[in-house]
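Please read this briefing with the sequence and the structure side by side, and look up each position as it is mentioned.

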Amino acid sequence: MKLVPLFDRVVLKQLVAEETTKSGIVLPGQAKEKPQQAEVVAVGPGGVVDGKEVAMQVKVGDQVIFSKYAGTEVKVDEDEYIIVKQNDILAVVK
């Protein structure tokens with residue numbers, strides 16, 4: 001199955017959380033905070049959203065940082081994705 005986002009939506013795959021801190025402390029599963037960095041997997045076509053023309057600023061393969069509580073988590077096959085609006089993406093990591 002393949003996810004195809006509509007309008008100004010973007011499908012993200014979260015990057016794996018660090019399991020140890022920089023000082024070497026191993027974090028148990030519940031202590032790990034989900035990373036806010038992800039890779040863009042699919043991008044909607046943009047278009048007119050709420051009466052305004054929206055051009056997509058990100059492309060597939062970009063590494064981005066998104067809002068902490070943004071989006072909807074979905075599971076397709078065994079993979080987990082987050083679908084967010086483009087304006088929930090804060091920055092592109094270069």
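Apart from neighbours within four places in sequence, aspartate 8 is in contact with Val49, Val54, Met56, Val84, Lys85 and Gln86. These contacts belong to a predicted model, in which aspartate 8 lies in the segment that comes before strand S1, residues 9-14.

**Aspartate 8 and its cover**
- The relative accessible area of aspartate 8 is 8%, and because buried means under 20% relative accessible area, this residue counts as buried.

**Glycine 61 in its loop**
- Glycine 61 is found in the loop between strand S4, which covers residues 52-54, and strand S5, which covers residues 63-66.
- With a relative accessibility of 38%, glycine 61 counts as partly exposed, because this class takes in values between the 20% limit for buried and the 50% limit for exposed.
- Once neighbours within four places in sequence are left aside, glycine 61 is in contact with Glu39 and Val40.
- Glycine 61 and alanine 38 are 23 residues apart in sequence, and their C-alpha atoms are 9.6 Å apart in space.

- Leucine 90 belongs to strand S8, which is made up of residues 89-93.
- Leucine 90 has a relative accessibility of 56%, and since exposed means over 50%, leucine 90 counts as exposed.
- Together with Ile65 and Val93, Leu90 forms a nonpolar patch on the surface, and the three residues have about 240 Å² of accessible area together.

Note on methods: Residues are numbered from 1 along each chain as its sequence is written. This is a predicted model: local features need pLDDT of at least 70, side-chain atom pairs count only at pLDDT 80 or more; totals for chains, interfaces and linings use all residues. Side-chain values use heavy atoms; hydrogens and water are left out. Helices (H or I, at least four residues) and strands (E, at least two) are DSSP runs, numbered from the N terminus. Buried means under 20% relative accessible area, exposed over 50%, partly exposed in between (1.4 Å probe, protein chains only). Contact means heavy atoms within 4.5 Å. Patches are made of residues with over 30% relative accessible area and no salt bridge: like charges are joined within 9 Å, nonpolar side chains (Val, Leu, Ile, Met, Phe, Trp, Tyr) within 5 Å. Accessible areas come from the Shrake-Rupley method with a 1.4 Å probe; for residues, only the protein chains shown count as cover. A salt bridge is a side-chain nitrogen of Lys or Arg within 4 Å of a carboxyl oxygen of Asp or Glu.
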